[in-house]
Amino acid sequence: MPIVLGIESSCDDTAAALVRDTNGQGEILSSVVYGQTALHADFGGVVPEIAARAHAEKMDHCVEEALATSGLAFADLDAIAVTSGPGLIGSLLVGLSFAKALAYRLRKPLVSVHHIEGHLASARLGEHPLELPFLGL
């Protein structure tokens, strides 16, 4: 039953989740999201530099909280998945750099995830997963 740490930082939310493959079905073990809405509120939209800096400040805390919530440790991971695009380049680089360093340190495979494909794949997780085929608009 492989366990994957997923890292997401494509725009203005820093997120980490642990997912286990149980007989071909994805089981969410933990999911942590650090939002940035308040940081960007005065600007009427997301400011890329502010978003990237906030990711850099929160990424390690987000991953540590996801591990703690799941009751797992780094040694329990089988792979690291990370959003590779599309998104804000500075924000993506924070997540990619963190994930690459962690995968290298743990000697675990690194899986690149397309942002939009990740949204679609997430519909197959949780208590009421969608069966294939389905359409995402």
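**The cysteines up close**

Author: Cysteine 62 counts as buried, because its relative accessibility is 0% and the cut-off for buried is under 20%. Keep in mind that this is a predicted model. Cysteine 11 comes out as partly exposed, since its relative accessibility is 28%.

So what about a bond between sulfurs? A disulfide needs a pair of cysteine sulfur atoms within 2.5 Å, and by that rule the count here is 0. For cysteine 11, the nearest cysteine sulfur belongs to cysteine 62, and it lies 15 Å away, so cysteine 11 is in no disulfide. Look from the other end and cysteine 62 is in no disulfide either: its nearest cysteine sulfur is that of cysteine 11, 15 Å away.

Now step back to the chain around them. It has 4 helices and 5 strands, and from the N terminus they run β-β-β-α-α-β-α-β-α. The radius of gyration is 15 Å, close to the 14 Å that the globule rule gives for 137 residues, so the chain is as compact as a globular protein of that length. Along the principal axes, the C-alpha atoms fill a box of roughly 45 × 40 × 25 Å.

As for contacts between residues at least 6 apart in sequence, 60% join residues at least 24 apart.

Conventions
Residues are numbered from 1 along each chain as its sequence is written. This is a predicted model: local features need pLDDT of at least 70, side-chain atom pairs count only at pLDDT 80 or more; totals for chains, interfaces and linings use all residues. Side-chain values use heavy atoms; hydrogens and water are left out. Helices (H or I, at least four residues) and strands (E, at least two) are DSSP runs, numbered from the N terminus. The radius of gyration is taken over C-alpha atoms; the globule rule is 2.2 Å times the number of residues to the power 0.38. Contact means heavy atoms within 4.5 Å. Buried means under 20% relative accessible area, exposed over 50%, partly exposed in between (1.4 Å probe, protein chains only).
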